[in-house]
Amino acid sequence: MPYKERVKKFQKYLQDEKIDLFLIEEPINLLYFTGLHFSVGKLYIHEKGADLFIDGRYFQVAKEKSPFPVHLFHKEGDDSAFVLSFAGERKKHLGFDNAYMHVAAYEKWLSWTGKNFHVVGKNKPVANLRGCKEEMELTHIRKSADINWRAFLYISSLIEVGVTEEFLAWRYEVFCREHGASKVSFDPIIAFGENSALPHYQSGKNRLKKDSIVLIDIGCVVENYCSDMTRCIFFGKKDPLLEKIYKIVRNAQKKAMEAVRPGITNREIDRIAREEITKEGFGDQFVHGLGHGVGLEIHEFPSIKSTVDEVILQKGMVITIEPGIYIPGHGGIRYEDTIIVTENGSENLYPREAPLV
């Protein structure tokens, strides 16, 4: 299993940052390092390895399955003796994720560590480590994408006059669970007609009419790893404006996809797609970033957006490319693929168009 290797990689980060002990509390990061689901827990990573503190609800499972020593705690501070055991003649550096720990916990932490430590906050330090996927992770993501595509073909076959958005969303989820997924990555977005102009629309009871656009944004989870994809289907006669927008979006996505490779930045990829849409006169209608990382979470590092911190793409990163144009009261088009950054370019997990209906 990869968990001890992941801790070794993080130990190298701690060594570079001169941190003696680091606290991991975010459940998704606990899952990444232990392979186990906990709503509450503490993993301390240090020079010699890692120690897991867990309460009675998870203690037995953790004792049986954790790759690291397990300690039982009942209340905040029960781990103080362990932390203070790292105090020595010099002050030690105690690190934490400042994007996760809340102020009350921080103040309590300071109260019992006293003068033995320099307390150092780091912003999402596990994100970079999780960003580049291992082969096992890529295998799970590919399987999730395969189930997602087959589920998409299935619900596309159910499209007919009078069907509701909610019905297609439910049938999608049932198909995924019946074919190996544990759950959906997010509530399926099935949007008919003008509802497609709402990027994060919630599927409702609206019934499909002939000559409508159908936007389908879906993803499922396999072995804890997510998939994500969006397609638009013209049901009946094509609306001229939406057909025009569809071609613009597809062209912008194609240009951005062709540019993906190790060494290019997230900002540059976003710029390439955004310029294509802007020069066609729809820049103001592209209202979100171009994409995001996909893995244990449906939205994770790196963000593919020109207004965030610059990130250089590396081999093994998994990202979405999803430009969109939205015309309120009329409709919208979004086209999304998930891709793996490879040694010389990228691998598209969805190299197929939507079927004709």
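Is Val 7 buried or exposed? Val 7 counts as buried, because its relative accessibility is 3% (buried means under 20% relative accessible area, exposed over 50%, partly exposed in between, with a 1.4 Å probe and protein chains only). Before going further, keep in mind that this is a predicted model, where local features need pLDDT of at least 70 and side-chain atom pairs count only at pLDDT 80 or more, while totals for chains, interfaces and linings use all residues. Residues are numbered from 1 along each chain as its sequence is written, and side-chain values use heavy atoms, with hydrogens and water left out.

Back to Val 7: you'll find it in helix H1, residues 3–17 (helices are DSSP runs of H or I with at least four residues, strands are E runs of at least two, and both are numbered from the N terminus). Skip the neighbours within four places in sequence, and Val 7 is in contact with Phe 33, Ile 45, Gly 49, Ala 50 and Phe 68 (contact means heavy atoms within 4.5 Å). Pro 328, on the other hand, is 321 residues from Val 7 in sequence and 48 Å from it in space, C-alpha to C-alpha.

Now hop over to Glu 300, in strand S14, which covers residues 300–304. Glu 300 counts as buried too, because its relative accessibility is 10%. Its side chain reaches the backbone nitrogen of Leu 296 at 3.3 Å. Beyond its neighbours within four places in sequence, Glu 300 is in contact with residues including Arg 130, Lys 133 and His 292.

What about the holes? There are two cavities of 30 Å³ or more. A cavity here is a set of points on a 1 Å grid over the protein atoms alone where a 1.4 Å probe fits but cannot get out, and lining residues have an atom within 4 Å of a point. Grid points are joined across faces, edges and corners, and a volume is the space filled by probe spheres set on the points.

The largest cavity has a volume of about 80 Å³. Strand S1 (21–24), strand S5 (92–97) and helix H6 (125–131) each supply at least two of its lining residues, and S1 gives the most, with three. By class, that lining has eight nonpolar, one polar and three charged residues (Ala, Val, Leu, Ile, Met, Phe, Trp, Tyr, Cys and Pro count as nonpolar, Asp, Glu, Lys and Arg as charged, and the others, Gly among them, as polar).

The second largest cavity holds about 30 Å³ of space. Among the residues lining it are Leu 23, Lys 42 and Trp 109.

How values were computed: 1 Å grid on protein atoms, 1.4 Å probe; cavity = no way out; pocket = protein on both sides within 12 Å on 5 of 7 lines; lining within 4 Å. Polar contact = N/O pair within 3.5 Å; in protein donor to acceptor, adjacent residues only side chain to side chain.
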